[in-house]
Amino acid sequence: MTGTFITFEGPDGAGKTSVLQALIPRLKAQSQVALNLTREPGGAKISEKIRDVILDPANTEMDARTEALLYAASRRQHLVEVIKPALAQGDIVICDRFVDSSVAYQGGGRQIGTQAVLQMNQFATAGLEPDLTIYLDVPVQVGLDRIAAHQHERQYDRLDQESLAFHERVHSAYMKLVADNPMRIVTVDATQPLGSVVTAAEAAITKRFPSLFG
Ligand SMILES: Nc1ncnc2c1ncn2[C@@H]1O[C@H](COP(=O)(O)OP(=O)(O)O)[C@@H](O)[C@H]1O
Ligand SMILES: [Mg+2]
């Protein structure tokens, strides 16, 4: 694997999708190699079908471990079909959410255990880890308020039904991941205006991989 794998993480409403939209053209303009943006479940057909089952608001009976296993299965297929081939040819791959999201949401939020979810995902990824993770940090309420203010722009899904306490547990689990992975995860203050967040994320990436940019 010769490519470079970068993930973006953070609570709902932190700004991952908005930041990436602005950041990707800026990175592409400086990049020495091909750069691919993807998001789970990405362009993999099987992954999309699994994702539909996970997010369907009608699936109220879904067990927490079932949910975690489905996310990992969806991730596996996306990894095999999209991420690994790009890394194998030396590209940069930037992914909107990855294993940390499962550790935070299923391990922390659903309280089925962060270690158990991490180990199950290590089976799914065969141990492939991001080279760098940008963690966009916002207080839970800030993220939820942003989403509520822009509700019309996105589809309501099963995870939107969760309580504030659930989202606080997700945030705590993210904080622990940051503390446990100081080399891999760089935290960016995502309460700043969008332009400042984009600039901070850009600086973190180009500084970490100087030979790939400029
Ligand atoms: N830095 C920011 N300041 C203010 N609003 C923001 C900022 N970043 C994102 N938003 C807004 O918050 C909402 C959620 O952003 P989004 O990028 O979808 O977050 P995520 O992908 O992390 O869930 C969007 O409506 C977006 O316009
Ligand atoms: Mg998003």
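Modeller: On a 1 Å grid over the protein atoms alone, a cavity is a set of points where a 1.4 Å probe fits but cannot get out, and its lining residues have an atom within 4 Å of a point. The model is predicted, so local features need pLDDT of at least 70 and side-chain atom pairs pLDDT 80 or more, whereas totals for chains, interfaces and linings use all residues. Residues are numbered from 1 along each chain as written, chains are lettered from A and ligands numbered from 1 in written order, and side-chain values use heavy atoms, without hydrogens or water.

By this rule there is one cavity of 30 Å³ or more. The largest cavity holds about 50 Å³, a volume being the space filled by probe spheres set on points joined across faces, edges and corners. P11, D12, Y105, V140, L144, H167 and V170 line the largest cavity. Two or more of these residues come from each of α6 (140-149) and α7 (164-180); helices are DSSP runs of H or I, at least four residues, numbered from the N terminus. Five lining residues are nonpolar, one is polar and one is charged (nonpolar: Ala, Val, Leu, Ile, Met, Phe, Trp, Tyr, Cys, Pro; charged: Asp, Glu, Lys, Arg; polar: the others, Gly among them).

As for packing, helix α2 (residues 45-55) meets helix α3 (residues 64-88) at about 160 degrees, with axes 8 Å apart; axes are lines fitted to C-alpha atoms over the stretch in contact, and angles run from 0 to 180 degrees between N-to-C directions. The two helices are therefore roughly antiparallel, the term for angles over 145 degrees.

Technical notes
Parallel < 35°, antiparallel > 145°, perpendicular 65-115°, else oblique. 1 Å grid on protein atoms, 1.4 Å probe; cavity = no way out; pocket = protein on both sides within 12 Å on 5 of 7 lines; lining within 4 Å.
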